[in-house]
Amino acid sequence: MITDWEMRRSELSHDCIQNSFIGVIRGVEGNLMAERLADPFNLEAVKEIAKRWALWSNFAEDLFTSAIHELSPQKTFSFWPLSNCPPDTKYWLIPVVVEFWKIRTKIEHKLSEAQQKKDSLNAVVDEIDRFLATTKELNAENVGSYSVLVENLKQAAIEFQMSLARLSVRYIAL
Amino acid sequence: MKTAIVDMTNPQRGLLIARRIKDSGSETWLLCDNKGWYFFEHNDEYKKHGKPPTEWDLAIIHKTDEDKSRFIPIGDIAHTLYYCGGMPPQDDIKEEPFYIQCRAVEDEKSVPSLHELQAVVAFYQELKKSKNPDKPSLLCPPPSLAMASSLNILCQGYISAYLAMGNETTTEIPHEESWKQWQNSTSSLGNKKEWYDRYQAVISKEWWLEPLGGSKRIEEIINKIKEEETQSGLKGVAEKFRKILKKTDVRYDDVIELYKILAKRGSRDN
């Protein structure tokens, strides 16, 4: 069964980070490599995704906070047929399978890794924000440092997306 | 049947789908960049072609590219089928446009097979004649696997009680390392007496049958499991479960045989 949590994870990973975030950064990288410094896209598009990141970051936070509750096998006992288990079976079987699930899937480790990657991405977005706040146009003097920031942003986004991929239900299902 | 494929995000994925749709006997055109339409001319070669049809029987579109394709008009489309690189909608879609709902189509491995696409083409051909033909499995959300998940949990309950009693594993067990780690938690999850009582419970057939519907409904339960194993590809579950129920007490080796099949699902990369 694909849970609502998995759909939200997939939306964040695929639609927001891969298609929007990384897609925009690749476009900017292409421009910088071709020395199209005057294209307003270079600054505007990054400004826009940095703004959107604030929303996505909160979205990610909610996702991480709810992960164990939403994904744990405990939920299975609310639905047929395990909802028919007598209370004295549920009393011990639920904590046993939840504990085993946590060990087998390493869910807590994966969540903490994803949180770390999110924090790293936050830090790079903050740096980019500071650069954009003081830069009106790209020129030969500032393009070098901007290119480094854009590359760091891409790497941080890719690593965050990879940590989200490790939380896919394919890897943490019962 | 004239079919348009639109995928500007991942042209290779679009090309693979287009090839398979062409192989299923459809006249197939591909829109995968801003340069225009491609058409299969000889065997597997596809060439730029200036004049695509203006009317399509079917357009298979990567959902994210729906807006991008406005720069190159597609024309009139009789039926639209969407696919997503991320998770597709999971509700039961009863009206067009349909989605490939069975899975995300994110890379070459998840592109539908020729067989699956043949079923899709046949479905849309049938849709011209009747209003409600059966949707092929590719266009349906994945099965619930309620039975398989429940049996997996019951197996885990049995194995837990067996190991907590101090018994040793005499046969290869899926997730062996995790079970070894889990054994360190047994004392926090119950004392010796509790684990003994639990073990006595799990070796009884009634413990397994009660949540599934009770011993009077064994055949019905087995048939339900069989139905799900066909959908999920977990072949052999019903047969192994029947074996468990044949003996007076439920035996460890039989439970492990069943658990081996069930643990295949969701065990990648763990």
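Predicted model: local features only at pLDDT ≥ 70, side-chain atom pairs only at ≥ 80, totals over all residues.
1. You'll find B:Gly36 in the loop between β2 (27-31) and β3 (37-40) of chain B. B:Gly36 counts as partly exposed because 13 C-beta neighbours lie inside 10 Å. Along the sequence, B:Gly36 and B:Ile77 are 41 residues apart, and their C-alpha atoms sit 17 Å apart in space.

2. Staying with chain B, have a look at a cis peptide bond. This one runs from B:Glu96 to B:Pro97, with omega near 0 degrees. B:Pro97 belongs to the loop between β6 (76-83) and β7 (98-99) of chain B. Chain A has a cis peptide bond too, joining A:Trp80 and A:Pro81, with omega about 0 degrees. There, A:Pro81 is placed in the loop between α2 and α3 (87-105) of chain A. These are worth a look since most peptide bonds are trans.

3. How do the chains meet? The contact takes 34 residues from chain B and 32 residues from chain A. On the chain B side, α3 (146-164), α4 (176-183) and α6 (205-212) are the elements that give two or more residues each. Of these, α3(B) gives the most, with 8 residues. By class, the chain B side that touches chain A splits into 10 nonpolar, 19 polar and 5 charged residues.

4. Now over to chain A and its helix α2, residues 41-71. This helix bends by about 40 degrees at A:Thr65. Its buried residues are A:Asn42, A:Val46, A:Ile49, A:Trp53, A:Trp56, A:Ala60, A:Leu63 and A:Leu71. Among the elements covering the buried residues of α2(A) are α1 (4-33), α4 (107-134) and α6 (169-172) of chain A.

5. Which way does α5(A) run against α4(A), roughly parallel or roughly antiparallel? Helix α5 of chain A covers residues 143-165, and it packs with α4(A) at an angle of about 160 degrees, with axes 9 Å apart. That makes the pair roughly antiparallel. The crossing of α4(A) and α5(A) is left-handed.

6. Most residues other than glycine have a negative phi. A:Glu35, not a glycine, has a positive phi of about 60 degrees, and A:Lys106, again not a glycine, has a positive phi of about 55 degrees. A:Glu35 lies in the loop between α1 and α2 of chain A, while A:Lys106 is in the loop between α3 and α4 of chain A. A:Glu35 is exposed because 10 other C-beta atoms lie within 10 Å. A:Lys106 has 17 other C-beta atoms within 10 Å, so this residue counts as partly exposed.

Terms used. Residues numbered from 1 in each chain as written. Chains lettered and ligands numbered in written order. Contact = placed C-beta atoms within 7 Å. Helix = DSSP H or I, 4+ residues; strand = E, 2+ residues; numbered from the N terminus. Nonpolar A, V, L, I, M, F, W, Y, C, P; charged D, E, K, R; others polar. Buried ≥ 20, exposed ≤ 12 C-beta atoms within 10 Å, placed from the backbone. Bend = angle between axes of the 7 residues up to and from the residue. Axes fitted to C-alpha atoms, helices over the stretch in contact; angles between N-to-C directions. Parallel < 35°, antiparallel > 145°, perpendicular 65-115°, else oblique. Left-handed = near helix turned anticlockwise from the far one by under 90°.
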